[in-house]
Amino acid sequence: MRVRTLALAAASGAALLAAGVLPANASGVTAPRSAQEGSVSAADLLAKVKSCSQISNGKYKTDDETSATVPVCGKNGAVFWKADMDIDCDGQRTTNCNEDRDPWYQDDTRFHQSDGKPLKAESLPYVVVPSSSSIWNYADSGIKGGGVVAVIYNNKVEYAVVGDTGPNKIIGEASYATAKALGIDPDPETGGADSGVTYILFKNSKASPIESHSAAVTLGDQLAKQFIAAN
């Protein structure tokens with residue numbers, strides 16, 4: 001996981017209710033398709049997260065040098081937050097995610113593929129959740145590795161999975177592939193989005209296998225419809 005500082009951000013410029021397991025072939029690993037994904041619009045999802053019922057015991061920072069302003073909010077069947085997007089390039093080494101391209105690169109992710117290997121940030125859309133702390137414990141909210149997330153930016157929806165954990169006081173991070181699919185600069189050193197990203201995490205959900213993006217999209221679309229109906 002990476003922690004972007006304000007200095008780097010400035011340098012870069014603008015830089016469900018009852019969710020189950022959706023089976024998919026272990027070999028069905030697919031690269032992210034262009035957003036919009038699924039049949040539920042960004043506008044319909046955003047309309048359900050206009051107000052926040054805070055469930056976190058305090059708020060998170062978006063970067064090391066910022067103040068804590070971001071709460072985790074609760075809804076029927078989901079939790080959500082609105083933050084920035086830093087780029088996570090951790091996991092298996094690929095052309096754009098490695099020590100040469102990412103000063104913060106780590107060769108592992110908190111959650112692993114079905115074959116036991118780390119995830120591939122360059123090809124798999126995944127989201128980073130804060131490590132458990134007194135502020136919030138994601139597991140207590142029904143959030144788990146492989147859980148499905150709707151990530152919304154600039155009126156686009158991209159479905160991702162919970163794939164990694166980060167610092168326990170910082171929020172707002174997703175994989176290279178998530179950023180690229182949403183039209184955000186995915187460069188791990190200078191990319192990302194300073195604001196305007198909404199993360200909706202569906203409780204008790206799990207795409208299986210975790211590395212199958214198609215499984216996340218199919219299940220995510222079902223859960224998004226349930227979320228709209230329940231809120």
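This is a predicted model: local features need pLDDT of at least 70, side-chain atom pairs count only at pLDDT 80 or more; totals for chains, interfaces and linings use all residues.
## Largest cavity

The largest cavity has a volume of about 60 Å³. It is lined by 11 residues, and those closest to its centre are Val 128, Ile 170, Ile 171, Gly 172 and Glu 173.

Strand E4, spanning residues 126–130, gives the most to this lining, with 3 residues. By residue class, the lining of the largest cavity holds 7 nonpolar, 2 polar and 2 charged residues.

## Trp 81 and Trp 136

The model contains 3 aromatic pairs. One of them joins Trp 81 and Trp 136 edge-to-face, with 5.8 Å from centre to centre and 75 degrees between the planes. The two residues are 55 residues apart, and the pair links distant parts of the chain: Trp 81 belongs to strand E3 (residues 78–88), while Trp 136 sits in the loop between E4 and strand E5 (148–153).

Trp 81 counts as buried because its relative accessibility is 1%, under the 20% cut-off. Trp 136 has a relative accessible area of 4% and is therefore buried. Ring pairs also bring in Tyr 199, which forms a cluster with Trp 81 and Trp 136.

## Phe 202 and Phe 227

Phe 202 and Phe 227 also form an edge-to-face aromatic pair, at 6.1 Å centre to centre and with 70 degrees between the planes. Phe 202 is in strand E8 (residues 193–202) and Phe 227 is in helix H4 (residues 213–230), so this pair ties together parts that lie 25 residues apart in sequence. Phe 202 and Phe 227 are both buried.

Key: Residues are numbered from 1 along each chain as its sequence is written. Side-chain values use heavy atoms; hydrogens and water are left out. On a 1 Å grid over the protein atoms alone, a cavity is a set of points where a 1.4 Å probe fits but cannot get out, and a pocket is an open set with protein on both sides within 12 Å along at least five of seven lines; lining residues have an atom within 4 Å of a point. Grid points are joined across faces, edges and corners, and a volume is the space filled by probe spheres set on the points. Helices (H or I, at least four residues) and strands (E, at least two) are DSSP runs, numbered from the N terminus. Ala, Val, Leu, Ile, Met, Phe, Trp, Tyr, Cys and Pro count as nonpolar, Asp, Glu, Lys and Arg as charged, and the others, Gly among them, as polar. Rings of Phe, Tyr and Trp (its six-membered ring) pair if their centres lie within 6.5 Å; planes under 30 degrees apart count as stacked, over 60 as edge-to-face and the rest as tilted. Buried means under 20% relative accessible area, exposed over 50%, partly exposed in between (1.4 Å probe, protein chains only).
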